[in-house]
Amino acid sequence: TVEMGVMAYQTPGEAALSLIEDCTLFEFLDDAGNPAKPGQLARVVVTDLNGQLMPFIRYEQRDLAIYRLKPDTRGEMVRVIERIVGRQDDIVRLSDGSALTFLDLYNLRYGYPEIQQLRVTQRAPLSFLVEIVADPDYFRAIRGDVLHGLKGLSKLPLEFELRRVDQITPGPSGKMRILVAAVERS
């Protein structure tokens with residue numbers, strides 16, 4: 001992270017991220033702020049153990065991750081990040097309590113090599129605008145397949161408006177987000 005520096009690393013042949021716990025105290029918390037269990041979706045909260053000028057104490061990363069326990073080289077159980085699910089901002093809640101994350105849209109974005117940019121904006125609890133930057137002929141060719149894939153993301157009757165655009169501009173933060181929740185969470 002920009003604020004905390006390097007906090008985890010990946011070793012060759014290992015999909016998980018090893019935590020640098022001698023420099024950072026990691027907390028994995030559920031929605032209620034309680035410690036999450038291994039395998040459970042969790043908010044990442046960190047405390048910098050070395051910062052002297054401006055210490056970060058229980059800093060909310062706004063990242064969502066899943067951690068697990070694994071034995072290290074000495075046989076001791078250590079925590080590793082199994083999967084980074086995304087930013088808390090990159091998740092939308094559906095009316096049945098389920099969620100869509102940017103990872104649900106990852107295959108859509110990269111499954112079609114000629115899609116240059118993609119942004120999905122939740123406009124209402126079950127309604128989404130899908131903006132796609134692609135050649136007009138390619139967009140027409142994949143439109144039905146993309147719509148079918150999107151509707152398969154949930155058992156709910158989700159509605160998608162697909163719109164071909166020439167460009168997608170970054171948000172106010174300068175980040176290019178794939179999934180945007182424009183609906184107030186209750």
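# Briefing on a predicted protein chain

In this predicted model, the protein chain carries 23 positive and 26 negative side chains, and the centres of these two sets lie 3 Å apart. The chain is built from 2 helices and 12 strands, which follow one another from the N terminus in the order β-β-β-β-β-β-β-β-α-β-β-α-β-β. The points below begin with the chain as a whole, then turn to one of its sheets and to some individual residues.

**The chain as a whole**

- The C-alpha trace of the protein chain spans about 55 × 40 × 35 Å when it is taken along its principal axes.
- Of the 186 residues in the protein chain, 38% are buried, while the chain exposes about 11,200 Å², of which carbon and sulfur atoms supply 52%.
- When contacts are counted between residues at least 6 apart in sequence, 49% of them join residues at least 24 apart.

**The open sheet E11-E10-E9-E12**

- An open sheet is formed by 4 strands in the order E11-E10-E9-E12, and its pairing is mixed.
- Strand E11 (159-165) and strand E12 (179-181) each have a single partner strand and stand at the edges, so one side of each is left without a neighbour in the sheet.
- On average, and with direction ignored, neighbouring strands of this sheet are turned by 20° against each other.
- Helix H2 (residues 136-151) packs on the sheet, where the helix touches strand E10 (127-133) and E11, and the direction of H2 makes about 160° with that of E11.

**How the strands of this sheet pair**

- As background, the strands of a sheet pair through backbone hydrogen bonds, in either a parallel or an antiparallel arrangement.
- Strand E9 (residues 117-124) runs parallel to E12 and is joined to E12 by 3 bridges; within E9 and E12, Val120 stands opposite Leu179.
- E9 and E10 pair in the antiparallel sense over 7 bridges, and a hairpin of 2 residues joins E9 to E10.
- Gln122 stands opposite Phe128, a residue of E10.
- E10 and E11 pair in the parallel sense, again over 7 bridges, and here Ser127 stands opposite Glu159 in E11.

**Strand E10 and its residue Glu131**

- In strand E10, 7 of the 7 residues are buried, so the strand is largely enclosed by the rest of the structure.
- Both faces of E10 are covered, with Ser127, Leu129, Glu131 and Val133 buried on one side and Phe128, Val130 and Ile132 buried on the other.
- Glu131, which lies in strand E10, counts as buried because its relative accessibility is 13%, under the 20% cut-off for that class.
- Once neighbours within four places in sequence are left aside, Glu131 is in contact with Gln117, Leu118, Arg119, Thr121, Arg163, Val165 and Ile168.

**Arg119 in strand E9**

- Arg119 has its place in strand E9 and is buried, with a relative accessible area of 16%.
- Not counting residues up to four places away in sequence, Arg119 touches Leu129, Val130, Glu131, Ile168, Thr169, Arg177, Ile178 and Val180.

- Leu41 lies in strand E4 (residues 41-48) and is partly exposed, with a relative accessible area of 33%.
- With neighbours within four places in sequence left aside, the contacts of Leu41 are Ala36, Leu64, Ala65, Ile66, Val85 and Ile91.
- Leu41 and Ile84 are 43 residues apart in sequence and 9.3 Å apart in space, C-alpha to C-alpha.
- Arg58 lies in the loop between E4 and strand E5 (59-71) and is partly exposed, with a relative accessible area of 49%.
- The phi of Arg58 is near 50°, a positive value in a residue other than glycine; most residues other than glycine have a negative phi.

Definitions and conventions. Residues numbered from 1 in each chain as written. Predicted model: local features only at pLDDT ≥ 70, side-chain atom pairs only at ≥ 80, totals over all residues. Heavy atoms only, no water. Buried < 20%, exposed > 50% of the residue type's maximum accessible area, 1.4 Å probe, protein only. Contact = heavy atoms within 4.5 Å. Areas by Shrake-Rupley, 256 points an atom, 1.4 Å probe, with all protein chains shown as cover. Lys, Arg positive; Asp, Glu negative; His and termini not counted. Charge placed at Lys NZ, Arg CZ, Asp CG, Glu CD. Pairing = 2+ DSSP bridges. Axes fitted to C-alpha atoms, helices over the stretch in contact; angles between N-to-C directions.
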